[in-house]
Amino acid sequence: MATLRTIKRRVRAIFKPETVLHRGQILPGKNLRFGGAHFLDNEAFLAAGERDARALMQWCGLTADSVVLDVGCGTGRLAIGIVSTLGNIRSYCGIDVNETAIDWCMRFITPHHPSFVFQYIDIRNERYNPSGLKSAETRLPLQDSSVDVISLYSVFSHMRSGDVCAYLEEFRRILKPGHKIFLTAFVEEGVKDEEENPSGYQREWKGSLHCMRFSLSFFRSLVEASGMEIIFYDHGTETDGQSAFVLQRR
Ligand SMILES: C[S@@+](CC[C@H](N)C(=O)[O-])C[C@H]1O[C@@H](n2cnc3c(N)ncnc32)[C@H](O)[C@@H]1O
């Protein structure tokens with residue numbers, strides 16, 4: 001017998017479809033997408049995921065044989081982009097503090113692509129999971145030196161430096177030596193070390209952790225303290241003026 005939760009979900013899906021089929025890929029319904037109004041367009045959403053997959057191929061050596069960790073995977077934009085670009089890869093793990101997003105990925109991606117798995121993690125984020133646990137208590141569900149590529153698109157842009165550090169420490173543990181991380185963040189020169197929702201910067205910010213901006217020197221010091229180095233930096237080229245970074249484990 002259907003549970004109350006399943007019935008509610010079915011009724012909601014009549015008014016707000018959970019999926020859209022576009023160019024042969026199952027995409028999340030428009031109300032389930034993260035990352036701004038431009039992703040309401042199906043082609044823009046899929047093309048951005050494909051572009052990010054190609055960036056991982058170019059900068060981090062992503063291949064069909066890679067083990068990938070996507071932190072803050074949302075409703076699978078990168079996973080769908082990888083499937084559309086490379087097909088099924090050896091192993092992809094998407095983690096997120098948003099249970100609804102992980103639930104969607106588990107129901108609509110994993111059944112078609114079993115090497116793509118998703119896990120909800122209960123880490124506190126004032127914007128996305130205000131009742132979660134402190135990040136310092138978190139250990140990611142991955143073995144030491146087991147991951148080839150880590151991606152965080154638009155995730156450090158919503159985290160304070162203490163939480164960024166806790167993640168960088170974990171990445172140092174799970175990433176294979178010499179392997180790489182692709183991430184985006186709000187980083188500028190000549191600004192305060194860290195500032196939440198800086199006024200007059202890029203656009204109007206609303207609510208906790210909508211934008212966390214770091215100074216370049218401070219961000220570099222966090223990366224280096226965790227045993228990694230910045231090997232590529234492209235200023236202001238990503239969503240809302242975030243910068244792209246490639247880090248390498250020393
Ligand atoms: C702007 S969305 C980006 C989603 C996805 N990376 C993309 O580019 O489509 C930020 C995502 O980070 C997730 N997030 C925030 N804090 C997190 C944390 N501490 N650990 C994992 N995910 C987190 C949010 O739940 C949300 O899905």
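Predicted model: local features only at pLDDT ≥ 70, side-chain atom pairs only at ≥ 80, totals over all residues.
User: On to the core. How many residues are in the largest nonpolar one, and which have the most contacts inside it?
Analyst: The largest nonpolar core has 65 residues, and Ala-79, Cys-105, Ile-150 and Ala-185 have the most contacts inside it. As general background, nonpolar side chains in soluble globular proteins tend to be buried together.

User: What does Cys-105 touch?
Analyst: Setting aside residues up to four places away in sequence, Cys-105 touches Cys-73, Thr-75, Gly-76, Ala-79, Gly-94, Thr-110 and Phe-118. Ala-79 in that list is also among the residues with the most contacts inside the core.

User: Which residues of helix 4 are buried?
Analyst: Helix 4 covers residues 99-108, and its buried residues are Ala-101, Ile-102, Trp-104, Cys-105 and Phe-108. They are on the same side of helix 4, because they cover an arc of only 155° around the axis.

User: What's on the face turned away from that buried side?
Analyst: Glu-99 and Thr-100, both exposed, sit on that face of helix 4.

User: Helix 3, then. Is it mostly covered or mostly exposed?
Analyst: Helix 3 is mostly covered, with 7 of its 10 residues buried. Those are Arg-77, Leu-78, Ala-79, Ile-80, Gly-81, Ile-82 and Val-83. Just after the helix, Gly-87 takes a positive phi of about 85°.

User: Which residues other than glycine have a positive phi?
Analyst: Ser-145 is one of them, with phi near 45°, and Asp-240 is another, at about 60°. For context, most residues other than glycine have a negative phi.

User: Where does Ser-145 lie?
Analyst: Ser-145 is in the loop between strand 5 and strand 6. It counts as partly exposed, because it has 13 C-beta neighbours inside 10 Å.

User: What else is in that loop?
Analyst: Leu-140 is found there too, between strand 5 and strand 6 (147-152). Leu-140 is partly exposed, with 19 other C-beta atoms within 10 Å; being called buried takes 20 or more.

User: What is Leu-140 in contact with?
Analyst: Leaving aside neighbours within four places in sequence, Leu-140 contacts Glu-170 and Ile-174. Glu-170 is 30 residues away along the chain, yet the C-alpha atoms of Leu-140 and Glu-170 are separated by 7.0 Å.

User: Back to Asp-240. Where is it found?
Analyst: Asp-240 is in the loop between strand 10 and strand 11. These strands form a hairpin with 3 residues between them. Asp-240 is partly exposed, with 17 other C-beta atoms within 10 Å.

User: How do strand 10 and strand 11 pair?
Analyst: Strand 10 (residues 228-238) and strand 11 (residues 242-249) are antiparallel, paired over 7 bridges. Ile-230 has Leu-247 as its bridge partner in strand 11, and Met-228 stands opposite Arg-249.

User: Which other strand is joined to strand 11?
Analyst: Strand 7 (residues 175-188) is joined to strand 11 by 6 bridges, and those two also run antiparallel. Phe-182 stands opposite Val-246 in strand 11.

User: Why is strand 11 largely enclosed?
Analyst: Strand 11 is largely enclosed by the rest of the structure because 6 of its 8 residues are buried.

User: Last one: what about Gly-227, where is its place?
Analyst: Gly-227 is in the loop between helix 6 (216-225) and strand 10. With 15 C-beta neighbours inside 10 Å, Gly-227 counts as partly exposed. Not counting residues up to four places away in sequence, Gly-227 touches Arg-172, Arg-249 and Arg-250. Gly-227 and Ile-181 are 46 residues apart in sequence and 13 Å apart in space, C-alpha to C-alpha.

Definitions and conventions:
Residues numbered from 1 in each chain as written. Core = buried A, V, L, I, M, F, W, Y, C linked by C-beta atoms within 7 Å. Buried ≥ 20, exposed ≤ 12 C-beta atoms within 10 Å, placed from the backbone. Contact = placed C-beta atoms within 7 Å. Helix = DSSP H or I, 4+ residues; strand = E, 2+ residues; numbered from the N terminus. Arc of directions from axis to C-beta. Pairing = 2+ DSSP bridges.
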